[in-house]
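Trainee: I'd like to learn how to read a fold from its atoms. Please take me through this one step by step.

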Amino acid sequence: MVYEKLKAMVADQLGVSEDEVRPEARLKEDLKADSASVMMLVMDVESEFGIEVEDDAIEKVKTVGDMVKYIEAKQ
């Protein structure tokens with residue numbers, strides 16, 4: 001559930017195909033996210049999932065799978 005919703009959000013925010021958004025896909029290296037798009041994605045995640053993402057967590061989240069685990073832990 002979290003993964004499917006996040007997958008669509010990442011694809012939309014980064015302008016990539018949902019097929020490219022796999023758990024092992026790295027946000028910056030594989031999906032070409034820059035700092036601004038990561039911040040927009042974080043705001044979308046906070047709004048969609050009703051959580052607060054700490055600043056230090058943003059640096060630790062490297063892959064789509066990391067982000068899913070983080071969201072699930074916060075819910």
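Mentor: Start with burial: a residue is buried under 20% relative accessible area, exposed over 50% and partly exposed in between (1.4 Å probe, protein chains only). This is a predicted model, in which local features need pLDDT of at least 70 and side-chain atom pairs pLDDT 80 or more, while totals for chains, interfaces and linings use all residues. Residues are numbered from 1 along each chain as its sequence is written, and side-chain values use heavy atoms, without hydrogens or water.

Trainee: Is Thr63 buried or exposed?

Mentor: Thr63 has a relative accessible area of 15%, so it counts as buried. You'll find Thr63 in the loop between helix 3 (55-60) and helix 4 (64-74); helices are DSSP runs of H or I, at least four residues, numbered from the N terminus.

Trainee: Which residues does Thr63 touch?

Mentor: Contact means heavy atoms within 4.5 Å. Skipping residues up to four places away in sequence, Thr63 touches Pro23, Glu24, Ala25, Arg26 and Leu27. Also, a polar atom of the Thr63 side chain sits 3.0 Å from the backbone nitrogen of Asp66.

Trainee: And why is Lys7 classed as buried?

Mentor: Lys7 is at 16% relative accessibility, so it gets that label too. Lys7 belongs to helix 1 and, again leaving out residues up to four places away in sequence, touches Glu18 and Val21. Arg26 is 19 residues from Lys7 along the chain, and their C-alpha atoms are 13 Å apart.

Trainee: Which residues have the most contacts inside the largest nonpolar core?

Mentor: Such a core is a set of buried Ala, Val, Leu, Ile, Met, Phe, Trp, Tyr and Cys residues joined through side-chain atoms within 4.5 Å. The largest one here has 27 residues, and Leu6, Leu31, Val45, Val53, Met67 and Ile71 have the most contacts inside it. Helix 1 (2-14), helix 2 (35-49), helix 3 and helix 4 each give two or more residues to this core, with helix 1 giving the most, six residues.

Trainee: What is Val53 in contact with?

Mentor: Beyond its neighbours within four places in sequence, Val53 contacts Val42, Val45, Glu46, Ile58 and Tyr70.

Trainee: Which residues of helix 4 are buried?

Mentor: Val64, Gly65, Met67, Val68, Tyr70 and Ile71. These buried residues of helix 4 pack against helix 1, helix 2 and helix 3.

Conventions
Polar contact = N/O pair within 3.5 Å; in protein donor to acceptor, adjacent residues only side chain to side chain.
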